[in-house]
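Dear colleague,

I am passing on the structure we spoke about, together with some notes on its pockets. Please read them with the model open beside you.

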Amino acid sequence: MKKLFLLLSLITAAHSFGFAKSIAINHFVIKENPFAVDEVAVVATDTAGVIQEDVNGVFTFVMNGFQEQLKFEKGTAFYRHKLDRSAFLYAKHMNDSGTHAILYYIYKHDSKLSPLHISWILLVAIPLALVLLAYMFKRFIIIAVVIFCIFLYFNYHNGLSMPTFFESIIDGLKGMF
C-alpha cells in the first residue's frame, strides 16, 4: 500500500512539473533607473503595461547589437551601462513566441533620462514625407535632400545605424501580421 501511494505521489509530482508555467517576456518597456544615475531599467510588462512581477531570472537581450544577460527580479532588470549623452537604444528579446524589439530614444537632460518610444511608423513616415514633398514641389528637392541628410546624420550620430533602422522597420511590419 505504501509503495502504491509513493508511486502515485511521484507520478502526480512529475505530472505537475510537466505542466509548470514557463515565464516569458513578450512585452517590455525601458525606464529610467531610479537607483543609479545615467542608467536605464528594462521592465517586463503585459499588454496593458502592468509590471509582471512573476518574471525572475536571467534573460538574454540584445541592446544596440550587443548581447546582454539581464537579471530580472520582480519584473525589473537594470541595464548597467551609463549613458553619457542622448542616444538611441534598440532592445530586442527572443523567446519561443517570437522576437520582441523596441526602439527608444533616451533623451538626457540635466541629470535625468527620458526614454521616448520611437514607432517604426515614424521611421518610415519622415523619409516618405520628404520624398512626397520633393515630388510635389520641384523647388523643394534640394531642401528635402539636405533635411534627409540631416535626418541620417542625427540618427547615425546618436547610435542608430542603417541596419538597426531597417531592422526596426522590419520588426514593426512583422508585428502587424
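How many nonpolar, polar and charged residues does the lining of the largest pocket have, by class? Bearing in mind that this is a predicted model, the lining of the largest pocket has eleven polar residues, eight nonpolar ones and three charged ones. In total 22 residues line this pocket, and those that lie nearest its centre are His100, Ala101, Ile102, Asp171 and Gly172. The space within the largest pocket comes to about 530 Å³.

As to where that lining comes from, at least two residues are supplied by each of strand S1 (27-32), strand S7 (98-109), strand S8 (112-118) and helix H4 (162-176). Seen by domain, the lining of the largest pocket takes at least three residues from domain 1 (22-118) and at least three from domain 2 (124-175).

The second largest pocket, for which the computed volume is about 190 Å³, is lined by Lys31, Glu32, Pro34, Phe35, Ala41, Val43, Lys71, Glu73, Thr76, Ala77 and Phe78. Two or more residues of this lining are given by each of S1, strand S2 (40-45) and strand S5 (76-79), and the largest share, three residues, is that of S5. By class, the lining of the second largest pocket consists of six nonpolar residues, four charged residues and one polar residue.

With best wishes

Note on methods: Residues numbered from 1 in each chain as written. Predicted model: local features only at pLDDT ≥ 70, side-chain atom pairs only at ≥ 80, totals over all residues. Heavy atoms only, no water. 1 Å grid on protein atoms, 1.4 Å probe; cavity = no way out; pocket = protein on both sides within 12 Å on 5 of 7 lines; lining within 4 Å. Points joined across faces, edges and corners; volume = space filled by probe spheres on them. Helix = DSSP H or I, 4+ residues; strand = E, 2+ residues; numbered from the N terminus. Nonpolar A, V, L, I, M, F, W, Y, C, P; charged D, E, K, R; others polar. Domains from an automatic or database assignment.
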